[in-house]
There are 2 protein chains.
Amino acid sequence: MSNIKFTFNESRVANEVMQSRQKSLSAYVERLNTIVASGVYETAESSIVVPSDTVILEDVMTMIDRTCNSNLKYIFVVGIGGSNLGTKAVYDALVGLNDGYRKRVPNIIFIDTIGEKLFEILQDICNESIVHPDEVLINVISKSGGTAETIFNIEALNAMLIEKLGGGVRDRIVVTTNEGSDLWNAALNLHIHALAIPELVGGRYSVFTAVGLYPLGAAGFDIGSLLAGAQDMRLDCLKSTENPAVDSAIISVEQYTQGFSIHNTFIFKPELESIGRWYRQLMGESIGKRKNRDGEEIRSGMVPMVSVGSTDLHSMAQLYLGGPKIIFHHFIHAHTETQTVIPDTRLFPDLVSDINGVSNNKLMHAIMQGTQAAFVKQEIPFVDITFEHVSEYTLGEYLQFRMIEMMYIAELLHVNAFNQPSVEEYKIETKQILSTK
Amino acid sequence: MSNIKFTFNESRVANEVMQSRQKSLSAYVERLNTIVASGVYETAESSIVVPSDTVILEDVMTMIDRTCNSNLKYIFVVGIGGSNLGTKAVYDALVGLNDGYRKRVPNIIFIDTIGEKLFEILQDICNESIVHPDEVLINVISKSGGTAETIFNIEALNAMLIEKLGGGVRDRIVVTTNEGSDLWNAALNLHIHALAIPELVGGRYSVFTAVGLYPLGAAGFDIGSLLAGAQDMRLDCLKSTENPAVDSAIISVEQYTQGFSIHNTFIFKPELESIGRWYRQLMGESIGKRKNRDGEEIRSGMVPMVSVGSTDLHSMAQLYLGGPKIIFHHFIHAHTETQTVIPDTRLFPDLVSDINGVSNNKLMHAIMQGTQAAFVKQEIPFVDITFEHVSEYTLGEYLQFRMIEMMYIAELLHVNAFNQPSVEEYKIETKQILSTK
């Protein structure tokens with residue numbers, strides 16, 4: 001039984017619409033089931049095979065055995081977009097996302113874009129915290145093997161580490177890329193560790209491949225449980241045409257066609273913010289398309305955004321409640337065990353007496369319920385997704401739910417969920433600019 | 001002369017439209033000039049008086065003298081929305097925004113919403129890093145004095161600190177609030193330090209009051225320079241009806257009325273992300289309005305969002321280039337001095353040869369220019385804002401520019417830029433839920 005509860009009561013889509021759309025998806029659900037049963041990587045949907053691919057897990061576990069040790073302090077994840085968003089989603093959810101203070105050993109440092117402040121920090125870590133190669137692991141992740149920022153960053157990081165440590169750095173690098181990419185071949189030539197990404201699994205669907213499993217496993221998380229959650233949710237979301245992924249997909253598409261052009265992941269547990277950022281890529285790239293599958297120009301796509309409650313209520317609530325009705329909200333929150341209760345002896349006993357005896361969870365929940373109640377009064381549609389708890393298992397469930405949901409959304413919109421043709425446009429221009437300088 | 005360069009070439013608004021709208025704003029520009037000249041707090045626009053208010057600066061400097069010392073390690077800024085977004089914008093821009101690693105003494109820890117991971121961290125800091133009250137400062141900021149999350153958090157933090165340090169905590173607290181609020185009165189009764197926010201300056205316009213000046217000054221930043229930048233930009237933006245704030249406002253409103261419902265602050269310098277988050281509140285609350293100034297139901301408002309280049313190109317570029325044309329982009333970047341150049345001896349010399357001999361700034365700039373070139377080809381409008389450098393001065397300029405721009409936008413849309421009536425809706429519901437539990 002799933003540890004995530006989906007509530008669609010306030011989605012404001014009529015039952016008959018739901019039923020008719022469910023039927024329209026039956027052939028596609030069938031197709032996904034066939035792919036899972038086959039266990040082979042032959043279609044664009046191949047990523048749904050991954051959670052039960054024991055070879056991937058074994059390769060990752062072997063690499064973890066080979067590269068991890070009790071002295072490990074920092075894991076540098078050098079990758080951008082699909083190469084780090086899933087890992088960061090899981091890591092931040094389990095460790096906490098707090099700028100300026102994250103104590104964990106080993107600590108993952110995510111290096112995505114390039115910035116001199118980042119290099120200052122890396123230099124600082126190199127200078128002050130590291131004395132032996134065993135204390136670091138560098139996981140360079142690029143599906144194509146040719147991502148400019150990623151290659152820039154690994155070159156800069158590698159130079160810093162060599163300057164500090166002398167030799168031994170190369171053995172602490174693990175490359176994750178398509179088998180046969182230039183990066184793959186370069187790694188083999190240099191006897192650098194390498195893990196393969198299945199060719200047909202795109203970056204935004206790759207969190208359960210070595211892309212996510214290796215750094216998370218190396219950092220000590222239970223990747224078996226992550227995959228178990230994914231497998232169980234996959235079963236739920238392929239069971240019939242009446243399941244949470246199908247229903248959520250239909251609701252999103254219905255809202256979209258009725259003018260809700262923005263999809264807001266409204267997180268009410270701050271450390272889950274990064275799962276919203278992961279979803280931005282999944283949605284942005286999967287359905288933000290100039291042409292549909294018949295080649296007709298459509299310029300479709302919901303615009304994904306992320307809000308964090310209650311923080312963003314203090315910046316965006318006015319707009320959400322009073323502004324144009326073009327935002328469709330997905331509330332995401334979680335039950336939780338640890339609690340902080342307002343102390344009996346208060347500093348300001350007369351201020352905000354509502355919170356006397358209230359725990360942090362209760363207050364946060366009341367604020368979320370209050371927001372939902374205000375939305376109901378304003379007839380603003382929303383979906384509610386509650387985690388029973390936050391763990392590798394439930395995160396595996398959630399990420400798998402979203403990836404299958406996205407395939408259904410694309411199927412309903414008749415767009416290709418797996419390509420990203422427009423991305424080349426800015427890359428070509430950038431290449432030209434670099435070549436003429 | 002301004003250290004920020006505004007380029008409106010690709011805004012795709014006709015000259016005659018610009019000129020006619022400029023004229024329509026002339027009375028309002030006149031009005032703002034009169035308010036600045038008067039130097040008094042009597043109108044909704046009073047926040048533009050603040051940058052040259054020497055009394056505010058003196059009060060803050062006196063409080064800094066009284067409360068800061070060389071042992072100070074942590075400044076806890078307990079506040080949410082307008083009470084911390086401006087401070088965080090400046091702090092992150094100057095220090096760097098890197099989750100998991102921020103070394104600075106004194107380090108500001110921002111405590112806005114409530115979350116148990118945050119309490120774990122605070123407990124950890126209390127247990128391991130603090131032995132004397134002088135090492136901490138707690139700045140509690142709430143304009144109304146009754147923000148539930150803020151009061152919850154100060155109570156929890158106060159209890160933790162007392163448990164660790166015994167006495168002396170109360171002297172390390174500075175309250176910033178409206179003079180006469182319940183919090184103000186409670187602070188006076190308890191002999192807790194207090195700084196006043198001018199009644200007529202709303203939270204989202206308050207960064208240059210004690211709200212932003214005190215924590216930034218206590219952390220050692222040059223708040224005089226911040227204010228000097230604000231004053232110089234204020235002069236620029238009130239000079240005639242042809243100035244950057246007027247032009248930017250007209251362009252945003254024109255794009256909005258032509259269907260660009262989303263305003264994307266597209267940051268190409270990662271540490272500036274928080275100035276985008278500050279702007280979300282400024283725009284969301286100032287123009288996300290159910291009714292216009294005549295009381296007519298309009299449900300207007302651009303939806304502000306923030307993207308970070310190049311990170312988000314790897315999640316959102318497909319949508320921006322291929323998806324619906326409803327997003328209007330403001331590119332924000334900065335020239336910079338420190339540079340990291342790709343080392344001559346590369347680990348992977350054959351990969352991405354474009355980056356050989358290229359600095360991080362040059363690569364980032366090429367990516368941004370490439371993105372702009374692709375936008376031009378797709379006829380996607382944008383504005384370009386370049387900081388000559390990132391400093392207290394230019395940040396003061398930028399924040400002031402945006403606040404005046406927002407007043408012009410609201411004037412053009414005929415909405416009240418200074419209230420937030422809908423926010424009460426969820427607060428009332430939340431109060432009810434808490435009271436029945």
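A polar contact is a pair of N or O atoms within 3.5 Å; within protein, one atom must be able to donate a hydrogen and the other to accept it, and residues adjacent in sequence count only if both atoms are side-chain atoms.

Some ground rules. This is a predicted model, in which local features need pLDDT of at least 70 and side-chain atom pairs count only at pLDDT 80 or more, while totals for chains, interfaces and linings use all residues. Residues are numbered from 1 along each chain as its sequence is written, chains are lettered from A and ligands numbered from 1 in the order in which they are written, and side-chain values use heavy atoms, with hydrogens and water left out.

Now the helix, α9 of chain A. Helices (H or I, at least four residues) and strands (E, at least two) are DSSP runs, numbered from the N terminus. Helix α9(A) covers residues 223-238, 16 residues in total. From first C-alpha to last it reaches 22 Å, close to the 22 Å expected at 1.5 Å a residue; the expected span is 1.5 Å times one less than the number of residues. At its start, a side-chain oxygen of D222(A) comes to within 3.2 Å of the backbone nitrogen of G224(A).

Which residues of α9(A) are buried? Buried means under 20% relative accessible area, exposed over 50%, and partly exposed in between, with a 1.4 Å probe and protein chains only. The buried ones are I223(A), L226(A), L227(A), G229(A), A230(A), M233(A), R234(A), C237(A) and L238(A). They lie on the same side of α9(A), because they cover an arc of only 155° around the axis; that arc is taken from the directions from the helix axis to the C-beta atoms.

Next, salt bridges. The term means a side-chain nitrogen of Lys or Arg within 4 Å of a carboxyl oxygen of Asp or Glu. In one of them, the closest N and O atoms of R21(A) and E254(A) are 2.9 Å apart. R21(A) is in helix α1 (residues 15-24) and E254(A) in helix α10 (residues 244-257), both of chain A, so the pair ties together parts 233 residues apart in sequence. R21(A) is partly exposed at 30%, whereas E254(A) is buried at 8%.

What does the bridge between K431(A) and D354(B) join? K431(A) lies in helix α15 (residues 423-435) of chain A and D354(B) in the loop between β11 (327-334) and α13 (360-377) of chain B, so the pair joins two chains. Their closest N and O atoms are 3.0 Å apart.

Last, the rings. Rings of Phe, Tyr and Trp (its six-membered ring) pair if their centres lie within 6.5 Å; planes under 30 degrees apart count as stacked, over 60 as edge-to-face and the rest as tilted. The structure holds 34 aromatic pairs over all chains. One of them is Y398(B) with F401(B), a tilted pair at 6.3 Å centre to centre and 50° between the planes. Both lie in helix α14 (residues 392-413) of chain B, 3 residues apart, about one turn. Y398(B) is buried at 0% relative accessibility, and F401(B) is buried at 0% too.

In chain B, R402(B) lies over the face of Y279(B), 4.5 Å from the ring centre. A charge sits over a ring if NZ of Lys or CZ of Arg is within 6 Å of the ring centre and within 35 degrees of the ring normal. R402(B) also forms a salt bridge with E405(B), at 3.0 Å between the closest N and O atoms.
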